[in-house]
Amino acid sequence: MKHHQTIFIADFGSQFTKLISRAVRRCNVYCQIVPHQKLLETIATQECRAVILSGSPDSVNDDSQNHIITTLIEKKIPILGICYGFQLIVKALKGKVALTQKREFGEAHIEILHPSILYDNIWQVGGAYPTWMSHSDHVIDLPEGFICLARTQSIDNCIVSHPDKHIYGLQFHPEVTHTPQGITLIDNFLKKIANCKGDWNMKSYKSEGIEKISQQIGDGYAICAISGGVDSTVAAVMTHEAIGDRLHCLLIDTGLMRHNECSQVLSLYRQKLNISIECIDAKEHFFNALKDVTDPEQKRKIIGRCFIEIFENYALNCSTHKASYLVQGTLYPDVIESMALGGKKNVTIKSHHNVGGLPERLKMSLVEPLRELFKDEVRNLGQELDIPQEFLKRHPFPGPGLGIRIPGAITQEKCNILRAADAIFIDEIKKNALYDEIWQAFVVLLPVKSVGVMGDGRSYEYACTLRAVNSHDGMTAEVYPFSATFLKHTATRIINEVKGINRVLYDYTTKPPGTIEWE
Ligand code: XMP
């Protein structure tokens, strides 16, 4: 693939590192996150326009990282240090960092003391501007050659620079939305200080990506497991552009799909995208394997295993199958999550399922055209590839499907009930023109029955809950504030139209502390 100007983000374990990389990408600059331990070896072999040092939950309290700073300066690489990253620069260059008396957390207004190329189009000298801080430490003595550009009422050195060496340090977090001009600040650093052209966009990614796939697959054949989600479809369309009908797609009907999902996906592929696709009916296989299983992690593992079994069976027994390449819609967040980053290891909240393990077992090579992209970039790429909008705008749907929306044991009957309720909820959302305003909406069927009265009779049926959230990337989520009229109407429709449900709740849990899915 054509070489792009690259920024490296050294990760020291901040929860915001991914947001820094999102911000850089939004400025049309390509970036990669690397664990801080790997930064120097990475830039020894790759061209690097600049380095951004992330924050960290830790304090800078020894000299073990000093060599990172001195090496970057020796190489004349522009540096932007954020919070801990900034304090690291100061410590390495013999300035002083101390515990703040009054801890700054949340919004803090900074006062600009001197002009700087870093903010000349957004902030003026004498003005006070909102930023977002989260720290206990701050810089009390600057190293030689550095100047303090901004302060708050309680601390100095909120923005500092060594303009000759192209080093900048920020006490606040420009990457979070609570710093309103933060992205412009990062853009200035990238374009005006690191001299990046902004050569990263989905148009060039598309043509370069197609070229790369053509080279990788040559005159071979590839197969792609389609989930009905956006990622696998964009990966498949991109591969199809590269190798045409030598790509064959497989849709596994797990029985855990939404209302009409299989037929919609099949008609999209056959009629609109012209890609060869086959649907394997594996409902029995999945339901048998999931019989009486109630533990969420076990369900996920079983569903993942079933996918592999079905796929493997297809690959080994289908006489027309001759593919030696497997296309997968792996995204950059999956790549980041699977590498050991600078911080402490995350606990597994949920094991997200994919078809991992398959390529080795089947002796296939992986083709992963989206490995470098975030979810919203995938949607933009999908647009470049002319995939219909209504498909690209679909809400995310988890790989294990309805299997993780039915707490307790899963049965075909429960899936049918859930599908019907979910279809009504989505129908109402669409009718009220709310679909594009909501990040994800769905129904969860609860393992609880309650008594009701229907007509003249008693009912004893399942309860379900509606769930709708807004989110940027699924990492945090806010509850969508429906009107009471909407909720009342939707609940009434579900109770009247879905046999098996007689009570509807609305889930008011944010993430954190909840997760978006129930299992
Ligand atoms: P949670 O429930 O972890 O979900 O807050 C965050 C986002 O990820 C989706 N999700 C999954 N997607 N395989 C997927 O492809 C999975 O196993 C999986 N689990 C959750 C979820 O729908 C939400 O968008």
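Among contacts (heavy atoms within 4.5 Å) between residues at least 6 apart in sequence, 76% join residues at least 24 apart. The model is a predicted one, in which local features need pLDDT of at least 70, side-chain atom pairs count only at pLDDT 80 or more, and totals for chains, interfaces and linings use all residues. Residues are numbered from 1 along each chain as its sequence is written, and side-chain values use heavy atoms, with hydrogens and water left out.

The C-alpha atoms fill a box of roughly 80 × 60 × 40 Å along the principal axes. Of the 519 residues, 56% are buried, that is, under 20% relative accessible area with a 1.4 Å probe and protein chains only.

Thr465 is placed in strand β16 (residues 457–470); strands are DSSP runs of E with at least two residues, and helices are runs of H or I with at least four, both numbered from the N terminus. Because its relative accessibility is 1%, Thr465 counts as buried. A polar atom of the Thr465 side chain lies 3.3 Å from the backbone nitrogen of Asp507. Beyond its neighbours within four places in sequence, Thr465 is in contact with residues including Phe442, Leu446, Tyr506, Asp507 and Trp518.

How many helices and strands does the protein have? There are 16 helices and 18 strands.

Conventions. Buried means under 20% relative accessible area, exposed over 50%, partly exposed in between (1.4 Å probe, protein chains only). A polar contact is a pair of N or O atoms within 3.5 Å; within protein, one must be able to donate a hydrogen and the other to accept it, and residues adjacent in sequence count only if both atoms are side-chain atoms.
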